[in-house]
Amino acid sequence: MSTALTTTAAPETEIIHGFSLWSDAWFRLKKNKLALFGLGFFLFMICICVLGPFVTGYRYEDTDLPLKASPPLDKIISRVETLKNGEVKQKNLALSNIEDEFLELPRPERKAIAAKLANGEQYTTGNIHYEPSNRRHFFGTDALGRDLLTRVLIGGRISLAVGFAATLVSVLIGVTWGAAAGFVGGKLDDVMMRIVDILYALPFTVIVILLMVMFGRNFILLFVAIGAVEWLTMARIVRGQIISLKHQEFVDAAVSLGLSGPRILFRHLVPNVASSIIVYATLTVPNVMLLEAVLSFLGLGVPPPLSSWGVLINEGASAIQTSPWLLWIPASFFSLTLFSLNFLGDGLRDALDPKSAKD
Amino acid sequence: MIKIIVGRLLQLIPVLWILLTLTFFLSKETPGGPFSQERQASPEVIQKLNAYYGLDKPLWQQYVGYLQKIVRLDFGPSYSYPTESVNEVILRAFPISLQIGTLAFVLALAIGVTAGTIAAVNQNTVWDYLPMALAMAGICVPTFVMGPILALVFGLKLNLAPVSGWYGLDYTPLPPMVMPAITLGLFYSAYVARLTRGGMLDVLNQDFIRTAKAKGVPGHQIVLKHAVRGGLLPVVSFLGPAFAGLITGSFVVEKVFNVPGLGQEFIKSVFNRDYPLIFGTVVFYGALIVLFNLVSDLLQLGMDPRTRR
């Protein structure tokens with residue numbers, strides 16, 4: 001109904017709507033295919049990491065030692081042995097390792113049995129019965145026989161959660177610090193920015209490593225420690241923008257209306273800086289994830305059996321010759337996510353801040 | 001100029017003091033002392049060791065005594081290397097990290113500046129998109145993925161360089177510093193390339209470049225003589241942070257390639273709770289970073305007259 005009305009309305013009476021910054025930015029972002037792809041891929045990654053572990057059918061910490069280090073999509077052979085006392089023992093074996101079961105047989109026979117099982121046929125020798133099962137590990141298993149797909153998805157949850165939470169911490173500290181320094185100005189500004197300068201010169205990875213070792217491998221601390229080291233650039237950006245904004249007329253208007261300082265700052269100034277904050281926050285997330293992965297790689301990340309992408313890459317790197325998929329799969333998840341975030345961040349910068357657009 | 005140098009050097013003092021105080025109290029707060037692990041010593045022995053290293057005094061006395069020693073550049077004995085002092089450990093391990101870091105630095109600058117300049121000159125063509133896509137890939141494939149891949153290809157398949165260790169490895173054509181340096185250098189060259197492209201584009205769109213074109217200066221001379229000086233400014237200001245990154249990056253590559261450099265010693269000292277070695281390496285790193293920021297500032301002053309005001 002309403003659409004019909006607007007289309008029949010005379011063009012002269014139509015009100016011209018100005019574009020808000022956000023709709024304008026969205027319009028520009030939509031034209032940037034790479035950034036849109038980044039956004040889509042990133043949302044997809046969040047979805048599969050959050051929902052995926054419920055549907056893989058395996059738990060991330062369940063080990064299945066006889067099935068260790070099986071390659072992706074390998075067939076699982078169920079081996080059922082009936083003992084003399086009537087007891088039945090069942091374990092899972094990987095098809096690629098099945099020949100080890102028949103080491104006493106000559107090679108061609110071993111191959112024949114493996115080929116039969118690969119075709120889905122059953123095989124029985126003595127009191128042992130081999131039967132191909134329908135279950136598979138989509139990405140194979142790690143050195144302890146844990147399902148890699150589930151571990152990659154759980155690891156993604158951790159890595160993304162660290163990325164978001166630490167970025168949030170850094171945004172909160174950085175925006176408050178920078179906005180206060182820029183708005184108040186004078187001596188306070190000098191002191192606050194001198195502190196930022198000094199903190200800039202500290203070797204921060206070193207400090208995060210110290211924190212992680214000193215206080216144990218605490219999950220919350222990981223967020224806070226990383227967030228606490230990433231806020232400095234944010235503070236500088238926000239301060240610079242606040243200073244350039246605070247002498248404009250709308251601030252004078254707010255002052256003459258009798259609004260309080262904090263209200264002017266947080267209701268009138270900070271929203272005007274929001275675009276820079278969003279852009280820089282988007283680019284902080286991949287940095288934080290990288291830092292988390294470095295810590296995990298050095299053995300300072302989340303405690304086992306939990307996984308993160310850094311932990312999985314570390315495990316995979318040490319087994320690169322024997323089971324390369326343990327490196328390739330988590331590394332591709334990690335790199336593709338960083339890719340998409342960086343593309344999105346670059347695109348957002350061009351969309352929200354047309355002045356900085358490269359061309 | 002001199003004011004800036006003096007100011008920066010004065011900044012060294014609060015930076016190092018904060019670092020020291022932070023590390024000192026953080027490490028004292030933690031459970032477990034340097035002698036509480038592995039072999040369990042008798043209480044008398046532990047008491048004697050604590051007395052020898054001054055760990056039985058009140059905390060503030062340890063702190064003051066430690067600061068006094070630092071002022072004289074004496075980092076004290078190491079717990080985990082009974083025969084070596086911290087100064088000796090740093091002197092032994094740092095040259096190794098320095099070799100890797102320097103080569104990586106040179107590689108990063110050479111590859112990054114070349115790729116970034118090519119991209120800027122050929123803006124919005126294949127020669128822009130290709131180097132920039134590679135640079136993005138370089139940023140998104142971290143060193144601890146790149147390292148094992150390079151080790152597998154160049155070390156184990158092609159046998160060009162050793163993949164693990166440092167001493168006595170002369171059975172391959174290349175010395176052991178090459179692989180870690182390439183791994184680190186490639187990662188930082190990606191950042192350098194992006195900065196170079198941005199800086200060069202800013203400069204190439206300016207009027208004096210158009211003037212140079214108008215009076216018929218050949219293209220390569222415009223780039224090499226006129227644009228480089230302004231275009232590389234963002235890269236120069238990145239040198240300080242890049243150096244800090246090379247240091248922390250060395251933790252990873254030294255682990256990947258099992259190199260006994262300062263990064264490995266730092267990580268080991270942290271796990272062993274070897275306090276003097278932790279303090280020593282942290283202070284050393286802090287001083288290096290401040291000095292490198294100073295060098296990067298001075299270079300910027302030399303290249304950009306606008307910042308001299």
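Reader: Is Gly185(B) buried or exposed, and why?
Author: Gly185(B) counts as buried because it has 27 C-beta neighbours inside 10 Å. A residue is called buried if 20 or more other C-beta atoms lie within 10 Å of its own, exposed if 12 or fewer, and partly exposed in between, with C-beta atoms placed from the backbone. This is a predicted model, in which local features need pLDDT of at least 70 and side-chain atom pairs count only at pLDDT 80 or more, while totals for chains, interfaces and linings use all residues. Residues are numbered from 1 along each chain as its sequence is written, and chains are lettered from A and ligands numbered from 1 in the order in which they are written.

Reader: Which helix does Gly185(B) lie in, and what is it in contact with?
Author: Gly185(B) belongs to helix H7 (residues 178–204) of chain B. Helices (H or I, at least four residues) and strands (E, at least two) are DSSP runs, numbered from the N terminus. Leaving aside neighbours within four places in sequence, Gly185(B) is in contact with Leu103(B), Ala104(B), Leu107(B) and Ala108(B). Contact here requires that the C-beta atoms of two residues, placed from the backbone, lie within 7 Å.

Reader: How many helices and strands does chain B have?
Author: Chain B has twelve helices and zero strands. Of its 309 residues, 39% count as buried. Among contacts in chain B between residues at least 6 apart in sequence, 74% join residues at least 24 apart.

Reader: How many residues does each chain bring to the contact between A and B?
Author: Chain B provides 38 residues and chain A provides 29 residues. On the side of chain B that touches chain A, helices H1 (2–29), H5 (126–140), H6 (143–157), H10 (233–256), H11 (262–272) and H12 (275–303) of chain B each supply at least two residues. The largest share, ten residues, comes from H1(B). By class, that side of chain B has 27 nonpolar, nine polar and two charged residues. Ala, Val, Leu, Ile, Met, Phe, Trp, Tyr, Cys and Pro count as nonpolar, Asp, Glu, Lys and Arg as charged, and the others, Gly among them, as polar.

Reader: Turning to chain A, what is the strand order of its open sheet?
Author: The order is E2-E1-E4-E3 in chain A, an open sheet of four strands with antiparallel pairing. Strand E2 (88–94) and E3 of chain A stand at the edges, each with a single partner strand, so one side of each is left without a neighbour in the sheet. Two strands are taken to pair if DSSP finds at least two bridges between them.

Reader: How many bridges join E1(A) to E4(A)?
Author: Six bridges join strand E1 (residues 75–82) to strand E4 (residues 128–136) of chain A. Glu81(A) has Ile128(A) in E4(A) as its bridge partner.

Reader: What about E3(A) and E4(A); how many residues are between them in the hairpin?
Author: The hairpin has two residues between E3(A) and E4(A), and Gly126(A) in the turn has a positive phi of about 55 degrees. Strand E3 (residues 123–125) of chain A pairs with E4(A) in the antiparallel sense over three bridges. Thr125(A) stands opposite Ile128(A), and Tyr123(A) has Tyr130(A) as its bridge partner.

Reader: Where does H11(A) bend?
Author: H11(A) bends by about 50 degrees at Val270(A), and a proline, Pro271(A), follows within four residues. The bend at a residue is the angle between axes fitted to the seven residues ending there and the seven starting there. After H11(A) comes Gly299(A), whose phi is positive, near 90 degrees.

Reader: Finally, how many residues of H12(A) are buried?
Author: Nine of the ten residues of helix H12 (residues 309–318) of chain A are buried, among them Trp309(A), Leu312(A) and Glu315(A). What covers the buried residues of H12(A) includes helix H5 (148–184), H11 and helix H13 (325–352) of chain A, together with H6 of chain B.
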